[in-house]
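Dear colleague,

I am handing over the structure that you will be working with from here on.

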Amino acid sequence: DLVDEAVGILDRFGRGEFAAVFRARAAMLREDPVVVESAYTAAFEAVAPSVRRQLELELASYHYHQRDYAGAVRWFEQSDQWLDHEQAAREYARSLHALGQFSRVAAVLEGYRGPVDPPPAWLLDLRARLAGTRDD
């Protein structure tokens, strides 16, 4: 298969970290969650910590878009990069909301350090949903 050929070429040229990341991202396109998780786990071992955190965000976002909110929450928390990353904060907070973890949603909204002037629409939406849920 073409992915295996590309990975082999990268490996032969001493670019194992690129090969691992390429394999993980290619697995995501195939949409087999077990293969995706396995490929990303292998990639985590092959890359520097800063790259690992970025890959953890990718995996969290993948789980979010698969509507596996518990998986998304696990990887957003593992990466600890959602604080100043708008897409990650939005998907993390929405995942928590989908799981009914409203106090944790409030904590994410309070902890988010990205642009808030003016507040992003997603942040206002989740605040309104929380207020409705809690009758604030």
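Below are my notes on what was found, from the overall fold to single residues.

This is a predicted model, in which local features need pLDDT of at least 70 and side-chain atom pairs count only at pLDDT 80 or more, while totals for chains, interfaces and linings use all residues. Residues are numbered from 1 along each chain as its sequence is written, and side-chain values use heavy atoms, with hydrogens and water left out.

The protein chain has eight helices and zero strands, where helices (H or I, at least four residues) and strands (E, at least two) are DSSP runs numbered from the N terminus. Of the 136 residues in the protein chain, 39% are buried, a term that stands for under 20% relative accessible area, with exposed meaning over 50% and partly exposed lying in between (1.4 Å probe, protein chains only). Among the contacts with a separation of 6 or more, 45% are accounted for by residues 24 or more positions apart, a contact being heavy atoms within 4.5 Å.

Helix α7 covers residues 102-111, and within it Val105, Ala106, Val108 and Leu109 are buried. Seen down the axis of α7, these buried residues fall within an arc of 160°, so they line one face of the helix; the arc is taken from the directions from the helix axis to the C-beta atoms. Ser103 and Glu110, on the other side of α7, are exposed.

Six aromatic pairs turn up in a search of the whole structure, counting rings of Phe, Tyr and Trp (its six-membered ring) whose centres lie within 6.5 Å, with planes under 30 degrees apart called stacked, over 60 edge-to-face and the rest tilted. The rings of Phe76 and Tyr92 have centres 5.8 Å apart and planes at 40°, so this pair is tilted. It links distant parts of the chain, with Phe76 in helix α5 (residues 69-79) and Tyr92 in helix α6, 16 residues apart. Phe76 is buried at a relative accessible area of 1%, and Tyr92 is buried at 6%. Elsewhere, ring pairs join Tyr40, Phe44 and Trp75 into a cluster.

Glu91 sits in helix α6 (residues 86-98). Leaving aside residues up to four places away in sequence, Glu91 touches Ser61, Tyr64, His65 and Phe76.
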